[in-house]
Amino acid sequence: MRTLAAAVAMAAVMATPFLAASPAGAAANPRTHYSLAYGGGEYTLKGNIIWYNRTVQIGASLKATEDNCAKARYKFWHGHKLVAQAERVACSGTKGHGFSRQFNQRGGITEVTVDLLQQNGRRAWTYLTGTSCTRSGCR
């Protein structure tokens with residue numbers, strides 16, 4: 001019994017430096033928050049981008065009014081080169097989404113443009129607003 005208790009205590013002590021080091025490691029992967037709204041909040045897109053070495057992770061919530069649809073459009077850039085795109089849609093309510101994109105070149109994805117679009121009925125998508133995000137923030 002003493003051996004088991006000693007092993008558990010030793011494991012807890014050994015894990016402590018790793019747990020304490022975790023927040024410092026998290027700083028190496030910045031998180032950028034974005035929030036887009038249109039029409040007094042009728043259409044919204046709110047989320048975060050976590051920046052890794054060659055990958056970005058997106059987590060967001062997209063909202064559209066009753067009988068309408070909203071689209072989140074993401075464009076992933078490496079310098080001035082568009083390397084990938086993704087879209088997510090929500091109709092008549094709020095829908096969450098999350099995914100990641102990788103660009104396996106030195107420097108990885110350097111910028112993500114985030115656009116909010118809307119569709120009324122069967123009309124074409126209409127651009128509402130957008131932002132451009134990097135590791136330092138969105139503008």
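So, the largest nonpolar core: it has 25 residues, and Tyr34, Leu45, Ile49, Tyr74, Phe76 and Val112 touch the most other members. By nonpolar core I mean buried Ala, Val, Leu, Ile, Met, Phe, Trp, Tyr and Cys residues joined through side-chain atoms within 4.5 Å, with buried being under 20% relative accessible area for a 1.4 Å probe, protein chains only. Strands E1 (31-38), E2 (43-51), E3 (55-78), E4 (81-102), E5 and E6 (126-134) each give two or more residues to this core, and E3 has the largest share, nine residues. Strands here are DSSP runs of at least two residues, numbered from the N terminus.

Quick caveat: this is a predicted model, so local features need pLDDT of at least 70 and side-chain atom pairs pLDDT 80 or more, while totals for chains, interfaces and linings use all residues. Residues are numbered from 1 along each chain as its sequence is written, and side-chain values use heavy atoms, leaving out hydrogens and water.

Back to Tyr34: it stands opposite Gly47 in E2. E1 and E2 run antiparallel, joined by eight bridges; pairing takes at least two DSSP bridges.

Now, is Gln118 buried or exposed? It sits in E5, residues 111-120, and counts as buried because its relative accessibility is 11%. Its side chain makes a 3.2 Å polar contact with that of Tyr43, meaning N or O atoms within 3.5 Å, one able to donate a hydrogen and the other to accept it, with sequence-adjacent residues counting only if both atoms are side-chain atoms.

Note on methods. Helices (H or I, at least four residues) and strands (E, at least two) are DSSP runs, numbered from the N terminus. Buried means under 20% relative accessible area, exposed over 50%, partly exposed in between (1.4 Å probe, protein chains only).
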